[in-house]
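Trainee: I am new to this structure and would like a close look at one part, its salt bridges. Please take me through some of them in detail.

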Amino acid sequence: MRLGRFALVFAAVMAVLVAVPFYFPQRYIIHICVMTALFVTLGLSMNLMLRTGLVSLAHSAFMAIGSYTSALCMMRLGWPFSVSFLASGLMVALLALVSGPIFLRIKGVYFILLTYALSQVVMLNFMEWVSLFGGNSGLSDIPRPVLFGMVFNTARQFYWMALALAGVSFLVARTIYRSALGTIIDAIKEEERLASSLGLNAMGFRVLIFCISGFIAGLSGSVYAHYMTFLSPEAFTGVMIDVILINVFGGAASPIGPVLGAIILIPLPELLRDAQEYQILAYGILLIALQLFLPEGLIGLCRRILSARWRRS
Amino acid sequence: MGQLLAQILVNGLISGSTYVLVALGFTMISGIMRVLNFAHGEFYMMGAYGVYVLTQYGLGYFPALLIGAIIVGAFGVVMERLIFRWVIGREVNGLIVALGLSVVLKALALIIFGPVELAVTRPVHGTLDLGSVSIPYDRLLVGGCAFGIMLLFYFFLTFTRVGLAMRAVAQDEKIAAIQGVRPSFIHAAAFGLGCLLAGLAGGLMAPIYTVNPTIGELPMGKAFVIVILGGLGSIPGAVVGGLLLGIAESFFSTLIDGTVSAMLVFALVVLVIIVRPQGLMGRSL
Amino acid sequence: MTAVLSVTDISRQFGGLQALSDVAFTTVPGEIFGIIGPNGAGKTTLFNVITGAFPPSTGKVVFEGTPVAGLSMDKVARMGLVRTFQATSVFRSQSVFENLRRGAMFSLLGRPSFLLRAKATVTAGAVARKRAEEIIDFLDLGAVTTNRAGDLAYGLQKILGVGMALAAAPKMLLMDEPAAGLNPTETAALGKLLLRVRGEWKIDIVVVEHDMQMIMSICDRIMVLNYGRVICLDTPSQVRADPAVIEAYLGTDDELA
Amino acid sequence: MSSLELDKVSVAYGNIQAVHEVSLSVRQGAVVCLLGANGAGKSSLLNAIIGLIPLRGGKISWQGRDMTGTRAFEAVRQGLSLSPEGRRLFPGLTVMENLAMGAYRQTRGDTAVSLERVFGLFPRLKERARQRAGSLSGGEQQMCAIGRAMMSNPSLLLLDEPSLGLAPKVIGDVARAITEINATGVTILIVEQNAKLALRLSEYAYVLETGRVALHGPSKELIDDPHVRAIYLGGVATA
């Protein structure tokens, strides 16, 4: 059974990943692992968009909205973490639901520009609405989550939380791609007109995916907020490019692409903190080179090698 | 009230005119090559650093502005031949490549100049008082130069052979080719010219604000809003959209405040998209 | 007899150009109805107006008693009026079987609300497979079920496109130049196929076409457009003999005078 | 002495072959027409001659020079010019600017001469000179397209469906202009679906059917050929 084999592999990989902190207890390594897991989640959320044929530049803002929502729900409203966590996802999904029918009417490039403008406006609000969001100095002393009576206050616990979220996101994405919904979004990407002529309400499904994607991005923001206990608009600059780069590098055609992309790319700058400018420089060059020479990413490369070997044998 | 409105209008036109310079190049490149140059703001940034460096070497402000912008334009031509020509017509791929270039240029600026704010000496001082409306001379200079450049650009597009060919390529590249126009030449020229315009805008604004590696982000964000407002690829759209944006911002931020202004402008953009998805001026040069 | 598709006095302007003026026709059940005309006669515009790509300036389009002009393409398709395209007719990256399965599936699970009906996916999956298999038998595509649609010969792609439209369980097919780009043999095969679709599946067809040979041989009635107006609406043999039609196609003698 | 030579030219878009091994020749100074129903491959052939689509096979030569593989922007220097199907004017440019684009490779002096000539052929264009091409009527657009093609002072003019969508009276005007242009020594290859018009204008005709030459001969003989009629009206072809 294929499902059985996948479940086995998935469980084994997760088990290994869960065990990582026991072998590498150093605080900075665990920090990198938390960030990687969060970017896997965010990368998968972007992957849902790309699979539908949409490039969104609003996902860094989506993550930020999730962060602020979750933090403020606990700080201002005194909601428990579990509720705040869900609220962060729902908040973004709601925004996607409201803006989607307008934004998604706009095809291709305009959608990209518009999501960029949206993210700018959102970030501007976080910067300027000081009484609520704390402006440029941001929010600090964000409470630690309590789940089932357990207080999350070590990096290790957050790693497991982020890992669980990443794992679930991966399963969600994979399930979607393998279901009727996955077939539908592939069809919309490949030949939208043809799909519509056969009775498919393409707009409805695009909004749906936008919402699911936003929901996941919001959740990743929530975990981030409570892990850092400190939020500022500045923290989200660069996320916009990272999340695209993860997909481009790994390959957007499979949910494994962004996972690989995040695992390889996110630790890099953290490991080479001293030479950050050069890191960024290399990042940029990598992005250009990948797009020109390896447009389908690592996954695409693997597939090409595999299929070449398949043909030879 | 009338005085206030006049002041708002003047401020809006001046800031709008620099937006137009950035948006013109961006929209022209997208119209001719179907490439979204997300690195456009970095060419603006290069123009500002160009003026800074050249004036440090003792050059006067205006020669520095001109030479700096020409260098930026030449660099744009090189980038087009090296990178962008491979992604012509594929807007998403072009966008990712341009994002990469934007990261590279920002990192280079950071490596060369550091994260510090650099100041360029103002070429003029003082304030012009026209009764109720007062305009600092340096602002006036920026506005005047920007409108002058727009005029020159207009003449270039309307009355020169290459300008005409650029408009023709934007409308129908294949048909332009059978008239004898070499598309690759037009692509490189348009990309370079677009970057030169961005460089000029950066150089003009350098004395007013300080210079740092991220100064290109803001005007580029504005350029996006402008092309959505005016229509991607539309030259008149960039002018109308830019001035409109400048005046709207000036109006809202004087009467309310900056953040609300940004949100109102965004609401305006969404409104335009609902009513006219192709932008105010459609898609033609 | 009741009308299936009824088009009343459609006009459409573009700028100053009158692309269609007062076009009207009504199809009857069991009919293959052809629309022809020289290039630029307004066939494509008419087709787009009927399928809702843009609304008519004046006039009505009614399908089985429901006005459809201005409705979205997918909604009209779910009502049973399915259109086919001249160029994009298949999902090139997918297998033949998958293309047909999609045709059936999209008509069943056309709206996101299907996710709320837990059983819908399961039943739709089974129905879609069954329909796809039926159509493979009907079109005799058994030998190529696993081939990538984009790799098929162009003629076969067109046939597959018809199959996908059939999979969407239409009551009527609206076809935009199905024979464009086909050679005479393929065109003849397509014509036979359309006759079988009408005969065996009881599906009405409205077809816009350039290929006279095919349209004359399969249609019950033909409407001829020229300069956006109906110049003739009759049986094929009558249409072929109509002086106005001959003039529209071959030109007149007085143009050079 | 034949001047435009096509030798087994094939053209394809992806896996759709539009033109199969078409050979034809056009005598210098002649008007030759290409007939055929829609989708017969006529436009593809013209586009291939001017270099807009690459050849899948075969050879093209003009006045003895091999034109195979010549790129579109170089063709005009060899004296070729195309008035494309559907006019394809630059809609945002004025009539004058469209004409100026036609003379893109000309010197200033030659441009003035060409302009006089085009205005002589189509006086209407002079009246509309400052109007945007997109706002012209169909007939005026066609005149502008032919005028633009004439601005490069071509020796071989390719006309793709010049009568398409025009009212009968305007077709007459366009036809007269084509005759006049030919009278000045320009060789013309014309693609038309208006068969009577094309056969009247031309001295020799080729009839394409699904990308192949089905029939060719002097135009006078083809005018009454039942085969031509059959291709257009789908009657039973007897041959």
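Mentor: What follows is an account of selected salt bridges.

This is a predicted model, where local features need pLDDT of at least 70, side-chain atom pairs count only at pLDDT 80 or more, and totals for chains, interfaces and linings use all residues. Residues are numbered from 1 along each chain as its sequence is written, chains are lettered from A and ligands numbered from 1 in the order in which they are written, and side-chain values use heavy atoms, with hydrogens and water left out.

Side chains of opposite charge can pair when their charged atoms come close. A salt bridge here is a side-chain nitrogen of Lys or Arg within 4 Å of a carboxyl oxygen of Asp or Glu. Over all chains, the count by this rule is 24.

In chain A, D186(A) and R51(A) form one of them, at 3.3 Å from N to O. D186(A) belongs to helix α8 (residues 180–190) and R51(A) to helix α2 (residues 27–51), so the pair ties together parts 135 residues apart in sequence. Helices are DSSP runs of H or I with at least four residues, and strands are runs of E with at least two, numbered from the N terminus. R51(A) is buried at 12% relative accessibility, while D186(A) is partly exposed at 23%. Buried means under 20% relative accessible area, exposed over 50%, and partly exposed in between (1.4 Å probe, protein chains only).

In chain C, R198(C) pairs with D220(C), their closest N and O atoms being 2.8 Å apart. R198(C) lies in helix α6 and D220(C) in the loop between α7 (212–218) and β9 (221–226), so this bridge ties together parts 22 residues apart in sequence. D220(C) is partly exposed, at 32%.
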